[in-house]
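Student: I am new to this structure. Please pick a single part, look at it closely, and then show me the setting around it.

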Amino acid sequence: MPSRTDRATPGLRERKKARTRAAIQTHALRLFREQGYQATTIEQIIDAADVSETTFFRYFPTKEHVVLQDDLDPLIIEAFQNQPPELSPVQAIRAAVRHQFDALTPEQRQAVRERTSLIVGEPALRAAMLDQISQAMLLLAEAIAQRTGRPKDALAVRAIAGSAVGAMLATLPALADDPHADLPALVDEALGYLETGLPV
């Protein structure tokens, strides 16, 4: 039987990894902000973050992944799974997203806003985001399937997952219009429309 220390070690290790990943992203976002995304090299990010090349590539296979890497998705899925069973899947998604955004520090919120604005403004990042969207839909579909007892490949499950992800993506043009827009409020409003059947 593993000891309490043994059980706690993976959690500590994961937190350390998360801190390292976040530090690299923070320095990268600063460089992107100061000199532009295209003008910033991986070597400059490595120097600014004071990490080795091996460490950088352990966390981010490309420069695009520095922006696209999103630690929020698994946390939102976990929050979704912890929502009360009486909530519908869409209500649970909305509550989970709201919960996770509320848990962010001001610095983390700013990083999310900067990353999202970069994705909106850079064609290469928008194209690379397609794979991330697909992965997010699969993760959410699996969580919805577990919650409802339906197969994860059921069309209804996939449609709900796709609709929720699509509603959140619909907030991106608003950030393009106003980089200082309140992203959590926009996402909550978009999911609210989905929850009420998309009235217009």
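Tutor: Start with one term. A residue is buried when its relative accessible area is under 20%, exposed when over 50%, and partly exposed in between, using a 1.4 Å probe and protein chains only. Glutamine 83 has a relative accessible area of 17%, so this residue counts as buried.

A word on the source. This is a predicted model, in which local features need pLDDT of at least 70 and side-chain atom pairs count only at pLDDT 80 or more, while totals for chains, interfaces and linings use all residues. Residues are numbered from 1 along each chain as its sequence is written, and side-chain values use heavy atoms, leaving out hydrogens and water.

Now find the place. Glutamine 83 sits in the loop between helix 5 (72-81) and helix 6 (89-102). Helices here are DSSP runs of H or I with at least four residues, strands are E runs of at least two, and both are numbered from the N terminus. Next, the partners. Contact means heavy atoms within 4.5 Å. Setting aside neighbours within four places in sequence, glutamine 83 contacts Ala92, Ala95, Ala96 and Arg147.

Follow helix 6 further. Valine 97 lies in this helix. Valine 97 is buried, at a relative accessible area of 3%. Not counting residues up to four places away in sequence, valine 97 touches Ile76, Met168, Val187 and Leu191. Glycine 166 is 69 residues from valine 97 along the chain, and their C-alpha atoms are separated by 14 Å.

Leucine 191 is the next stop. With residues up to four places away left out, leucine 191 touches Val90, Ile93, Arg94, Val97, Ala164, Ala167 and Met168. Leucine 191 also belongs to the largest nonpolar core, which has 55 residues. Such a core is a set of buried Ala, Val, Leu, Ile, Met, Phe, Trp, Tyr and Cys residues joined through side-chain atoms within 4.5 Å. Ile24, Phe32, Phe56, Ile93, Leu140 and Leu191 touch the most other members. Helix 8 (residues 123-148) gives the most to this core, with eight residues. In soluble globular proteins, nonpolar side chains tend to be buried together.

Glutamate 195 is in helix 11 (residues 183-195). Its relative accessibility is 31%, so glutamate 195 counts as partly exposed. Among residues beyond four places away in sequence, glutamate 195 touches Val90, Gln91 and Arg94. Leucine 175 is 20 residues from glutamate 195 along the chain, with their C-alpha atoms 22 Å apart.

Aspartate 50 is in the loop between helix 2 (42-49) and helix 3 (53-59). Aspartate 50 is exposed, at 69% relative accessibility. Its phi is positive, about 55°, although aspartate 50 is not a glycine. Most residues other than glycine have a negative phi.

Last, step back to the whole chain. The chain has eleven helices and zero strands. Its radius of gyration is 18 Å, close to the 16 Å that the globule rule gives for 200 residues, so the chain is as compact as a globular protein of that length. The radius is taken over C-alpha atoms, and the rule is 2.2 Å times the number of residues to the power 0.38. Buried residues make up 38% of the 200 residues. Of the contacts with a separation of 6 or more, 61% join residues 24 or more positions apart.
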